[in-house]
Amino acid sequence: MKIKRLGRTELSVAENGFGALPIQRISRDDAAALLRRAYDGGINFYDTARFYTDSEEKIGYALGGVRKDILIATKSMGRDKRTALEHLETSLRNLKTDYVDIFQLHNIPALPDVNNEESDHYALLEAKRSGKCRFIGITTHRLDVAVAAAKSGLYDTIQFPLSYLSTPDELALIDLCREQDLGVIAMKAMSGGLISSPEAAFAFLRGYDNLIPIWGVQRMRELEDFLSYAERETPLDERLLAAMERDRAELQGNFCRGCGYCQGGCPAGIEISNAARMILMLRRAPWQEYTTPAWREKMKKINDCIGCGACRRRCPYGLDCPTLLRENYADYEQFCREHGLEF
Ligand code: SF4
Ligand code: SF4
């Protein structure tokens, strides 16, 4: 597999990274099989988070024996020094290691306060000083925060959602990071499952020499696909360009990326991150998966929305989530009717 240099970290990273969020959803043995196949297939970079329940433990279980041969990035949502450092200790225990290669502040809404020695920024500095991490970074869904972090000179890596659906402004972040000699870690490289061509997603991002996509794979077939794209070189040819254009035409404008950051406090218990993009999912995935009786019940919960606006305030893309939910509800209802399903 082609090796890329991750900016000034000088880490040599295989061009396919492993995003370890989805392995929360599968059994420990299935996750271990997936992780070991990834390792055997040449993937050496594994990105996880304290927030991803047992993802770290599964990595420790599956790859603890080859720790010295892999690179691990984890992250903390602790918003002060003490909490973030406590999270790191837990991460190290789970991962069966005494250091991580990159320790990141997870999904920061703004740059941390560098004038406050109790802020989460000082957790990164302390972790680096003590040797519990080698490099430090941030992850965010907000472009202004990513740009500010890149310009600050404080971090070694920036993790941000990037794919062929990204806007020119978002893609310019990659060039800015190159100028600053920062490594870019691309999350949501399949745009939360909305991108229809993983092959085009791979071919598009491989062209950026300072960027590693972390594919959130959950099934062996998905992993094998990404391994095979690297093996076959997979140039961005006319067929893949056409696939990209189709997706771009269909997904222009404001669409829900499924990031889930609006989710926590919905008083109506609506599964917003799926419900707000349901009609796109119906068109792109086997629709039967999303029209089961259980899914129809979940979609009906949209009727319980009290319009509190909590989701709108939390959405890093500034989406009008309640409106998106209502639109998706109407489309879903019609889709069910057309397919003879009770709703
Ligand atoms: S506006 Fe509706 S969907 Fe959004 S958090 Fe409030 S109740 Fe939930
Ligand atoms: S509505 Fe916004 S915050 Fe919620 S899942 Fe979609 S993109 Fe993320």
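This is a predicted model: local features need pLDDT of at least 70, side-chain atom pairs count only at pLDDT 80 or more; totals for chains, interfaces and linings use all residues.
Residues are numbered from 1 along each chain as its sequence is written, and chains are lettered from A and ligands numbered from 1 in the order in which they are written.

Five residues from domain 1 and six residues from domain 2 make the contact, where contact means C-beta atoms, placed from the backbone, within 7 Å. The side of domain 1 that touches domain 2 has one nonpolar, three polar and one charged residue. For these classes, Ala, Val, Leu, Ile, Met, Phe, Trp, Tyr, Cys and Pro count as nonpolar, Asp, Glu, Lys and Arg as charged, and the others, Gly among them, as polar.

Now the overall shape. The C-alpha atoms fill a box of roughly 60 × 45 × 40 Å along the principal axes. The radius of gyration is 20 Å, which agrees with the value near 20 Å for a compact globule of 343 residues; the radius is taken over C-alpha atoms, and the globule rule is 2.2 Å times the number of residues to the power 0.38. The secondary structure comes to 14 helices and 10 strands. Helices (H or I, at least four residues) and strands (E, at least two) are DSSP runs, numbered from the N terminus. Of the 343 residues, 45% count as buried. Buried means that 20 or more other C-beta atoms lie within 10 Å of the residue's own, exposed means 12 or fewer, and partly exposed is in between, with C-beta atoms placed from the backbone. Among contacts between residues at least 6 apart in sequence, 75% join residues at least 24 apart.

Next, the core. The largest nonpolar core has 99 residues, and Ile158, Ala186, Ala201, Ile272 and Leu325 touch the most other members. A nonpolar core here is a set of buried Ala, Val, Leu, Ile, Met, Phe, Trp, Tyr and Cys residues joined through C-beta atoms within 7 Å. Helix H7, residues 198-206, gives the most to this core, with six residues. Domain 1 and domain 2 each contribute at least three residues to this core. Not counting residues up to four places away in sequence, Ile158 touches Gly137, Ile138, Ala146, Ala149, Ala150, Cys177, Leu182 and Val184.

Helix H2 is largely enclosed by the rest of the structure, because eight of its nine residues are buried. Those buried residues include Glu56, Glu57 and Lys58. Their cover includes helix H1 (28-40), E4, strand E5 (71-76) and H3. In helix H4, residues 120-129, the buried residues are Asp120, His121, Tyr122, Ala123, Leu124 and Ala127. They pack against helix H3 (81-95), strand E6 (100-105) and strand E7 (133-139). After H4 comes Gly131, with a positive phi near 80 degrees.

Thr53 has a phi near 35 degrees and sits in the loop between strand E4 (45-47) and helix H2 (55-63). Thr53 is partly exposed, with 13 other C-beta atoms within 10 Å. Lys188 has a positive phi of about 55 degrees and is found in the loop between strand E9 (183-187) and H7. Is Lys188 buried or exposed? Lys188 is buried, with 24 other C-beta atoms within 10 Å.

Now the ligands. Which residues come nearest to ligand 1? Of the 15 around it, they are Cys266, Cys305, Cys308, Ala310 and Cys311, a residue being near if its C-beta atom, placed from the backbone, lies within 6 Å. That shell has 13 nonpolar, two polar and no charged residues. Helix H13 (310-314) and helix H14 (321-338) each supply at least two residues of the shell, and H14 has the largest share, three residues. Ligand 2 is also surrounded by 15 residues, the closest being Cys256, Cys259, Cys262, Ser273 and Cys315. The shell around ligand 2 divides into 10 nonpolar, three polar and two charged residues.

Last, Pro293, in helix H12 (residues 293-300). Pro293 is exposed, with 9 other C-beta atoms within 10 Å. Pro293 and Phe343 are 50 residues apart in sequence and 8.9 Å apart in space, C-alpha to C-alpha.

Definitions and conventions. Domain bounds come from an automatic or database domain assignment. Two residues are in contact if their C-beta atoms, placed from the backbone, lie within 7 Å.
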